[in-house]
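Good morning, and thank you for joining. I would like to take you through one structure today, beginning with the ligand and its surroundings.

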Amino acid sequence: MTSHWVRWHQAYDDPASMNSRRLEAVVAMLGQVIAAAPAGPIRVLSLCSGDGRDLAGALSGHLRAADVTGVLVEADPDLAAGAVAKLAAVAPGLAVRCADAGDPASFDHNLPADVLMLCGIFGNVAPADVAATVAAVPALAAPGAGVLWTRHRRQPDITPWIRQRFHDAGCPAEAFVTSGPGGFALGLQRVGPGASAAPLPPRLFTFTTTAGEWGAQPGAGRRPT
Ligand SMILES: C[S@@+](CC[C@H](N)C(=O)[O-])C[C@H]1O[C@@H](n2cnc3c(N)ncnc32)[C@H](O)[C@@H]1O
C-alpha cells in the first residue's frame with residue numbers, strides 16, 4: 001500500500017503546487033548555503049528527508065557537491081530508497097539511513113552538522129516537540145552551521161514563535177522566505193558562536209497522526225501519539 005508520505009510527495013509532480021514552490025525555495029537556499037561554506041568537507045544532516053529531492057536538486061552540478069558528506073534520515077523505506085537513487089551519482093558522500101529521526105541515536109555519531117535540514121517537520125509535531133528540536137540545534141550543528149527549516153503558515157501561524165525559539169537558542173535568522181499568509185515559510189538560521197550545546201534529549205519529536213493538519217497552539221502539551 002502506498003504510504004501517506006509517499007502520496008504527500010506526489011504533490012511535487014505538479015510544478016504549481018505549494019510543495020513544488022517550497023521545494024524551489026529550499027533548493028535555491030541550500031545551494032547558496034553550500035556555496036558559502038568554508039573550504040573542506042561540508043557535513044549535512046537532513047532529518048525526515050523524504051526522497052532527498054531538495055539535496056539532489058541543490059547539488060546537481062554544484063561546484064561543492066564533492067565536498068558534501070553526511071546523512072539523510074527517513075523512516076519510510078520507499079522514500080529512503082528514492083533518496084538513494086536520486087543522490088548516488090549527484091553526491092556520493094551522502095548516506096541515506098532508513099530510521100527514526102526523532103531518536104538522536106539514529107544519527108548522533110554523525111554530529112555535528114555544518115548544514116542541518118529540518119524541512120517538513122514542524123507542521124507535523126506538537127509545539128513542545130518544535131521547541132525541543134530547536135533547543136537541541138546547538139547540539140546537532142556546529143557553530144557557524146546553516147539550519148534550514150520549514151513550516152506552513154496556516155492559522156495559527158506559529159512561524160514568529162519558531163523564529164523566537166531559534167533566537168533564544170542562539171541561532172539568529174539569516175533569511176526568511178514565505179509565499180505569504182497561509183502558504184509556506186522557509187527559514188535559514190545561523191548557529192551563533194555563543195550557542196550552548198546541552199546534552200541531547202532522548203527524543204526530539206514524534207509525528208502526530210493528523211499529519212499536516214496540526215492546529216495546536218504553542219505552549220500546549222505533547223499530544224498523545
Ligand atoms: C512533510 S514530509 C517532508 C519530506 C522532505 N523533508 C521534504 O521537505 O520534501 C515528512 C517526512 O518525514 C518522514 N517521517 C515522519 N516521521 C519520521 C520519523 N520519526 N523519522 C524519520 N522520518 C520521518 C515521512 O516519511 C516524510 O517523508
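Helix α1, residues 4-9, is the element that gives the most to the shell around the ligand, contributing three residues. Please keep in mind throughout that this is a predicted model.

Let me describe that shell as a whole. The ligand is surrounded by 19 residues, and the closest of them are Tyr12, Arg22, Cys48, Glu74 and Ala101. Sorted by class, the shell consists of ten nonpolar, five polar and four charged residues. As for the site itself, the ligand sits in the largest pocket.

Tyr12 places a polar side-chain atom 2.6 Å from an oxygen atom of the ligand. Cys48 takes part through its backbone, where an N or O atom lies 2.8 Å from a nitrogen atom of the ligand. Ala75 also uses its backbone: a polar atom there is 3.1 Å from a nitrogen atom of the ligand. How much of the ligand's accessible area does the protein cover? On its own the ligand has 600 Å² of accessible area, and the protein covers 93% of that.

Although Cys48 is not a glycine, its phi is positive, at about 55°.

A disulfide is a covalent bond between the sulfur atoms of two cysteines. How many does a search of the whole structure find? The search finds zero. Cys48 is in no disulfide, and the cysteine sulfur nearest to its own belongs to Cys119, 10 Å away.

The bond from Leu111 to Pro112 is cis, with omega near 0°. Pro112 is found in the loop that runs between β3, residues 94-98, and β4, residues 113-118. The bond from Gln155 to Pro156 is cis as well, with omega near -5°. Pro156 lies in the loop between β5, residues 141-152, and α6, residues 159-168.

That concludes my presentation, and I welcome your questions.

Notes. Residues are numbered from 1 along each chain as its sequence is written. This is a predicted model: local features need pLDDT of at least 70, side-chain atom pairs count only at pLDDT 80 or more; totals for chains, interfaces and linings use all residues. Side-chain values use heavy atoms; hydrogens and water are left out. A residue is near a molecule or strand if one of its heavy atoms lies within 4 Å of it. A polar contact is a pair of N or O atoms within 3.5 Å; within protein, one must be able to donate a hydrogen and the other to accept it, and residues adjacent in sequence count only if both atoms are side-chain atoms. Accessible areas come from the Shrake-Rupley method with a 1.4 Å probe; for residues, only the protein chains shown count as cover. On a 1 Å grid over the protein atoms alone, a cavity is a set of points where a 1.4 Å probe fits but cannot get out, and a pocket is an open set with protein on both sides within 12 Å along at least five of seven lines; lining residues have an atom within 4 Å of a point. A molecule sits in a cavity or pocket if more than half of its atoms lie within 2 Å of its grid points. Helices (H or I, at least four residues) and strands (E, at least two) are DSSP runs, numbered from the N terminus. Ala, Val, Leu, Ile, Met, Phe, Trp, Tyr, Cys and Pro count as nonpolar, Asp, Glu, Lys and Arg as charged, and the others, Gly among them, as polar. A disulfide is a pair of cysteine sulfur atoms within 2.5 Å.
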